[in-house]
Amino acid sequence: MADTGAGFMKALQARVEETLGGCTRCGKCVEACPMVAPAGLDKANAVSIAQGTLDLLAGGAGTPDAERWAQVCTNSGKCIPACDYGVNPRFMVNMARIASMNARKGEAEVRRGAQQYFNSMGRSTRTISRLQLAPEVLDRLAPKLRAPEEYDRAPDIVFYTGCNVIKTPHIALLVLEVLDALDVSYEVMGGTATCCGIQQFKRGDPKTAGRLGVNTIERLARPGASKVVSWCPSCFIQIGEVAMPAYAASTGAAMPFEIAPLAELFAERLDDLRPLFTHRVEKRVALQERSAVPSIMAAVKAVLRAIPGLDLVELDVPVMSTQASHLSVLPQFKEELRQREFAAAAAAGVTTIASIFHACHRDLIAYQPQVTFELLNFMELIGEAMGIQIPDLYKKLRLMGDIDQIIADTSDMIAAHQLDLDTVRDVLAEDMFKG
């Protein structure tokens with residue numbers, strides 16, 4: 001285990017050195033970043049911010065502006081095409097933040113904080129999912145990890161859910177229904193046993209993130225599928241941009257699979273999907289777009305435009321971040337973006353705003369009582385077009401607005417999973433009603 005982490009760190013450091021040597025300090029990545037102005041930084045100082053960021057990356061003190069820029073990064077990805085020199089600024093900024101955090105707090109404190117957050121997330125995911133799903137349904141979305149020899153034949157794909165989409169299980173269940181309808185054979189893998197390491201990485205603990213990432217790559221390879229499709233954009237970025245390059249460099253092994261976003265699979269199979277869209281969806285829809293993986297947005301739009309009756313509307317609003325949770329680094333800015341989005345949707349006369357990702361969906365549906373249009377996930381639109389109805393139980397519970405009422409409503413699931421009531425109350429207070 002320690003060797004895995006050490007090998008990962010060696011490969012990661014080599015990439016840092018390449019970044020330090022390849023960056024010209026031109027500042028174009030800073031100029032392209034949508035978080036600079038909201039964070040109170042001046043794009044006129046782009047060159048000095050880039051220089052300070054590289055100083056952080058090299059283990060130096062950096063500058064206050066560089067520290068600030070690293071802290072507010074939402075992995076928007078808009079910096080990547082801005083670089084003309086082959087550097088991935090998203091990786092550069094993340095590694096600069098990690099170096100800064102460890103310099104300020106020390107590795108032990110950083111690692112402890114990352115572990116505490118991960119444990120809390122795991123407890124929350126286990127509890128919230130069990131309030132909604134019977135044990136046999138939960139087993140379908142979060143099956144036990146199997147050894148390589150337990151697979152009779154390789155599936156077409158591994159559907160990699162990530163850690164916490166099962167808080168909103170209707171989304172993942174709809175994905176499985178679509179895969180079944182397309183006659184795609186799949187193995188579902190996810191949960192904390194196959195964590196990509198993003199939470200540890202974001203919180204400054206790349207060594208633990210590396211161990212988790214390498215273990216997950218090897219576990220995702222067990223079924224023998226040549227392609228892994230990822231639901232979560234954070235997992236896709238962490239595995240594809242961080243873990244897999246380090247894995248290849250540290251082991252010298254060929255990558256055991258290709259990883260791609262799930263929406264791209266649907267877009268590739270659009271000719272097969274079209275005949276399955278047997279129900280008209282008479283809705284005027286705006287997407288809550290995110291910028292981190294542009295190909296996902298293009299794929300979702302292509303699929304939704306193929307649904308009979310559905311009118312897809314483009315809103316003139318900023319598109320940024322990976323998921324809504326990333327924008328929490330600037331709460332006031334996040335709120336301003338939401339208000340602007342809702343105002344644009346109302347002006348466009350939409351019937352529906354559709355989230356793309358699960359964390360965005362959990363954030364979005366809390367505002368349902370405040371708007372006239374429905375708030376749902378794009379998978380629900382695909383399901384509606386196919387005549388598949390799976391209720392959004394997370395939304396139902398969230399809109400109850402009362403912990404005692406939720407506990408009463410889910411008493412059968414609490415009993416079935418033998419959940420501790422104090423834990424349920426704590427998790428609901430933290431997950432659904434914090435602040």
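I began with a term: a residue is buried when its relative accessible area is under 20%, exposed when that area is over 50%, and partly exposed in between, using a 1.4 Å probe and protein chains only.

The model I looked at is predicted, so local features need pLDDT of at least 70 and side-chain atom pairs count only at pLDDT 80 or more, while totals for chains, interfaces and linings use all residues. Residues are numbered from 1 along each chain as its sequence is written, and side-chain values use heavy atoms, with hydrogens and water left out.

**Two positive phi values.** I looked up Ser321, which lies in the loop between β6 (311–313) and α15 (331–347); helices (H or I, at least four residues) and strands (E, at least two) are DSSP runs, numbered from the N terminus. Its phi is near 75°, a positive value in a residue other than glycine, and at 0% relative accessibility Ser321 counts as buried. Asp183, in the loop between α8 (169–181) and β2 (186–189), also is not a glycine and has a positive phi of about 60°, but Asp183 is exposed, with a relative accessible area of 67%.

**Helix α5.** I then turned to α5 (residues 89–105), whose 17 residues reach 24 Å from first C-alpha to last, close to the 24 Å expected at 1.5 Å a residue, where the expected span is 1.5 Å times one less than the number of residues. I noted that 13 of the 17 residues of α5 are buried, so this helix is largely enclosed by the rest of the structure. Just after α5, I found that Gly106 takes a positive phi of about 90°.
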